[in-house]
Amino acid sequence: MLHGILLIALFSCAAFYIAEIEFVKRLSFSPLIVGIILGMIYANSLRNNLPETWVPGIKFCTRQILRLGIILYGFRLTFQSVMEIGTAAIVADLIMVTVTIFLGTGLGKLLKMDKDLSLLTATGSAICGAAAVLGAESVIRPQPYKTAVAVSTVVIFGTIAMFLYPVIYNTGISGLDAREMGVYTGSTLHEVAHVVGAGNAMGREISDTAIIVKMIRVILLAPVLLIMALVSEKRNRLAHSGGKRRITIPWFAFGFILVIGFNSFGLLPEKVVDGINGFDTFLLTMAMTALGAETDFAKFRQAGAKPFLLAALLFAWLLGGGWLVSRYLVPLL
């Protein structure tokens, strides 16, 4: 197992190095995204030469390392930051997350897509991109290629939005003021990195609001994962003729909330928290790289164009629905 873990750690170190290249930074590709790309390249080139004894280490990274990374992700948030922005952000996030997940699963049925793949795609679009896909992956446990496909859709449309939002704001097309644009950006962009990139291009006031709104969406990951686990267990019971099965509770989601609560007291020095966040990014990069290493490009052809069509439809909803919420609801709160 150790050999597989060390292999993934080595690729993750390379992902951090590549993510610092100026061209990659301009694209706002985080080490997580670079990691899954490296893993996929490896899986489709040298993977056949990998000793079978290394495989358990890779799978360890896709499960245990991933869950630890999600728990430590809570050190990026505090409950105080949630209250600073007020009810407007909370209401906007609740609307966008709830509608996006239900819309994604509903459209998935209409497109006759795989249920797990449509749920992963909807969750990634609704909450926090790749990290949300990883969280959902830990609960529903789909085939690795489905996770990779869902992450790919998040990367593609999140990157498009990151470049689009500053244009529609700076040209006045959006018709939103700074506060409304901050809520719009934070409640609709896919990845935290996308929010940071777009926010910085629109000014400090918008950036600060957008990041806080985005972090509230991240907090919603925990209750969404719990509901997802309960629904998944109910579906499994029905599939097995009502036989008794243990409910798989995503305890790491509760750990995520507890860490946010602890971090809200400010007991740790800022440098220590920064160090934990850096370590956490490395753990999540390892998880993404391991998922990439389990993905064969042939499986993308098997998935077809439907996941990308679903992601495009959800992207259209985030653009239009998010604008309506920010333009007409936020000023009332």
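Guide: Helices here are DSSP runs of H or I of at least four residues, numbered from the N terminus. The model under discussion is predicted.

Visitor: In which loop is the place of glycine 304?

Guide: Helix 16 covers residues 297–303, and helix 17 covers 306–329. Glycine 304 has its place in the loop between helix 16 and helix 17.

Visitor: Does glycine 304 count as buried, partly exposed or exposed, and why?

Guide: Buried requires under 20% relative accessible area and exposed requires over 50%. Because its relative accessibility is 29%, glycine 304 counts as partly exposed.

Visitor: What distance in space lies between glycine 304 and leucine 332, C-alpha to C-alpha?

Guide: In sequence, glycine 304 and leucine 332 are 28 residues apart. In space, their C-alpha to C-alpha separation is 43 Å.

Visitor: What accessible area do the residues of the nonpolar surface patch with Phe262 have together?

Guide: Phe262 is found in helix 14, residues 251–264, and counts as partly exposed because its relative accessibility is 35%. A patch takes residues with over 30% relative accessible area. Phe262 forms the patch with Phe265, Leu267, Leu268 and Val272, and their accessible area together is about 490 Å².

Visitor: How much space lies in the largest cavity?

Guide: A search of the whole structure, for cavities of 30 Å³ or more, finds two. The space in the largest cavity is about 40 Å³.

Note on methods:
Residues numbered from 1 in each chain as written. Predicted model: local features only at pLDDT ≥ 70, side-chain atom pairs only at ≥ 80, totals over all residues. Heavy atoms only, no water. Patch = residues over 30% accessible without salt bridge, like charges linked within 9 Å, V, L, I, M, F, W, Y side chains within 5 Å. Areas by Shrake-Rupley, 256 points an atom, 1.4 Å probe, with all protein chains shown as cover. Salt bridge = Lys/Arg side-chain N within 4 Å of Asp/Glu carboxyl O. Helix = DSSP H or I, 4+ residues; strand = E, 2+ residues; numbered from the N terminus. Buried < 20%, exposed > 50% of the residue type's maximum accessible area, 1.4 Å probe, protein only. 1 Å grid on protein atoms, 1.4 Å probe; cavity = no way out; pocket = protein on both sides within 12 Å on 5 of 7 lines; lining within 4 Å. Points joined across faces, edges and corners; volume = space filled by probe spheres on them.
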